[in-house]
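Thanks for making time. Please bring up the structure, and we will go through some strands and then some salt bridges.

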Amino acid sequence: MPIRGLEGYLADRRLTTTTPLTALRDTRLGIDVHTYLRRLLSAPSTREPLVAALGGHPLALMAHIESDLRLLDKWHIKPVFVFPGLAVARRFRPGAGEERAGAGGRAQAWAAYEAGRVEDAVEGFADKPAVWPPDLLRLVHKLFRQRHVEFIVAPYVSWPQLVYLANHPKSYIHAVYGPTEQLLYPQTDKLITSLDLRAGTFTWVAKRPLLADIKLGDDQFVDVALLAGIDCCGTFPPASQDFEFKQVVETVRHFRTGWNALQSFRPHPLLESTNYAEAYQRASTLLRFSLILAAEEGRVLPLPLALPPPPPAPALSAADIPSDLAEVFSPRLPDEVYFHLCRGLVGPWALNALAQGGVQEVPPLDGGESNEYRTFVKEGLTEGVNAPRNVAVALFAQSLNAFWKSRPVYAYYYFHPHAQQIAHNAPATVELVKRAVEGWNVHAPVIEEELRRQNSSTIDFALCLGATTSDKLAARTRTPRSPDVPPLQKKDEIVANTVWRVLELRGFLTQQHTHTPYARAMHNALAVSRLNDKFQEPLYIFIELLRAKVLHADLFGGKAYSGGPSFGTEDEKRSMLLIIRTLSVVPLVFKSEQWSGPLSRELLVFNSFVKGMARSVRTLAEAAAASMLLRGDAKRLREDYLDIALSLPFQNDVNSGFGIFFKVYLDALVTFAEGTVTEADKDKESVLEAKRDAQETLSDHFTSVKDTHADLMRGFRFWDAALVAVRTLSADKAIEPKLAAAFEKAEKWLSP
């Protein structure tokens, strides 16, 4: 968040200036990504409230960003986007509920929707953010890569990286659009606080007139900001009620420094309970010694060493830097790891867990109330020996020195009162990682031969499974690392070996690189799928959720939510529930516009399982790729880090739209056919007409879907492929007979 209350104060005191964008012509503009995305996600003209009810990402967001990029090009402005990186040190709290307020607000919105008060529901969903900028990392990276837009990921917070780029002797950027925290750095004199690309104007503030207006110096202004509240330091508790920015200014003016003001209010119950004094000191140190990635050296340095402060402040040497910065940021990782982060090879989740020694699990969009979901997150995703999050942390830790190998990491769940250790260094997990990373070093000749044999041009799940269908084929891939063999060089080599390593780590491939029942199920299902249907990732998630025993026809927590099956007998409702859950792992093909259609709380509950698994496997894939470089299994110095990342699976979140889409079709068909269609009736003209009418209903209800007929047919094809996977798993006794029977019963109900 920006400095609390400052923007209103600037407007009231008329300290901002609005200038035509022509003033920025032929310049390089540094843009803080979080500030930019937050404006898009919250502005009335671009926000998408129903994301909170659907899951996934805003459907029109990429179109809005592309439009802005075209306008920047029209104004001859070159954008340079800066993403934040790792989180700074924080105090984790088991059972923390600060995010629960959002879940509670969404529950009220659902109640309004279920009562028919749609407008109230939309406002309720819009009231709390459903998407955070870090959730959109890969989506935005992909767009920037396609449009050749420059960006960098900062090691930690983005503000000092922008300061560094703007004040570097080579002038990497000429102006900054970002949050008001940028003004807290002595090198920042002017800041763009808003852009209106369509109107052709921008609004900016100069720091000198602001300081003259509040009659305070630079250091005192920093104290005001910390007491008012910034992103890494909450509002001074005695000032939080009936907050006024002017009152905070008066407080600092009266006590001369923020620290004096803080001391004068001791003892204060909120100061003690929130440990505010420590948070204040941490934030002060963070601002003074912010860490940045230095351009020429490729090293992470404190800003004062990379960019001396302006006179009369003295230049600092390494001896002036506090030795305990790890308490403010995190223990220092190798520069190579920061570089992987800054170039987009890896996202922050696993690195944050390792660096901070913990992760805070927050409730999903549906609130995460069921025991099934909580067990799934705790044991299936995070703490289990082969849980993807645990293994991802282990991949990084085992690639680094002994400090990281032995570093304890804890999970802090919103539903559990105590911290739970993530045993990334447990012997079984370490052995699993060692076996997978040491056994896969397949070089280009084998990969290129396999591409020709399978008539493929893409390194993906299908290729990697096809290359291991028999022991003879798998033998070519059993390639332990040898000092006599050079490291992997090409991007395709790294991507293929990453996918193979992930498949073994997730139990799809054996130690001998042959198929387990899960790989056979996926391979057989892909064999009956069309390439253009893009079923690889949905089928993978489908099989993972079957294995985790969370994709079934039973109610979660024994509770029926709105938007579930509404017609037929209990058996027919169970079949429909199984079908629409299965289909909801598939992404619909949308137009670049907001969702138009009904909602389903039942499917949003299931979407939390889909999202959790997909994101966790994505984190695992990134960790597998990075560990390959850190271990020297592949060439380390390269230019294609982002290309590698964008070639790995699970870049986007899937919403619950396809399940809703299919449910509307099935409901409409039952209505128009005046009952369930049977095998004997399926060719009757009345049934065929009912099917046509049901398809027209889809066109009427889902105007944001590109081609409703094509997606409906695609849905039926996915069900057929999923059924092949289920039958394979059933034959291998890899799923319970009861679950296999439920799918067969659903198929019998659906097929007519």
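Start with strand β3, residues 77-83. This strand is mostly covered, with six of its seven residues buried. Buried means under 20% relative accessible area, exposed means over 50%, and partly exposed lies in between, with a 1.4 Å probe and protein chains only. Helices (H or I, at least four residues) and strands (E, at least two) are DSSP runs, numbered from the N terminus.

Before we go on, a word on the source. This is a predicted model, where local features need pLDDT of at least 70, side-chain atom pairs count only at pLDDT 80 or more, and totals for chains, interfaces and linings use all residues. Residues are numbered from 1 along each chain as its sequence is written, and side-chain values use heavy atoms, with hydrogens and water left out.

Back to β3. Which strands pair with it? One is β2, residues 27-32: the two run parallel and are joined by six bridges. Two strands pair if DSSP finds at least two bridges between them. Look at Arg28, which stands opposite Lys78 in β3. Another partner is β4, residues 150-153, which pairs with β3 in the parallel sense over four bridges. There, Val82 has Ile152 of β4 as its bridge partner.

Now the salt bridges. The rule is a side-chain nitrogen of Lys or Arg within 4 Å of a carboxyl oxygen of Asp or Glu. How many salt bridges does this rule give? The count is 51.

Take Arg332 and Asp335. Their side chains meet in a salt bridge at 2.8 Å, N to O. Arg332 is partly exposed, at 44% relative accessible area. Asp335 is partly exposed too, at 23%.

Next, Asp471 and Arg478. This salt bridge comes in at 3.5 Å, N to O. Asp471 has 47% relative accessibility and counts as partly exposed. Arg478 is also partly exposed, at 29%.

Then Glu544 and Arg506, whose side chains form a salt bridge at 2.9 Å, N to O. This pair links distant parts of the chain, 38 residues apart. Glu544 sits in helix α28, residues 536-547, and Arg506 in the loop between α26 (491-505) and α27 (517-527). Are these two buried or exposed? Glu544 is buried, with a relative accessible area of 1%. Arg506 counts as buried at 5%.

Last, a network. Salt bridges link Asp189, Lys190, Lys207, Arg208 and Asp218.
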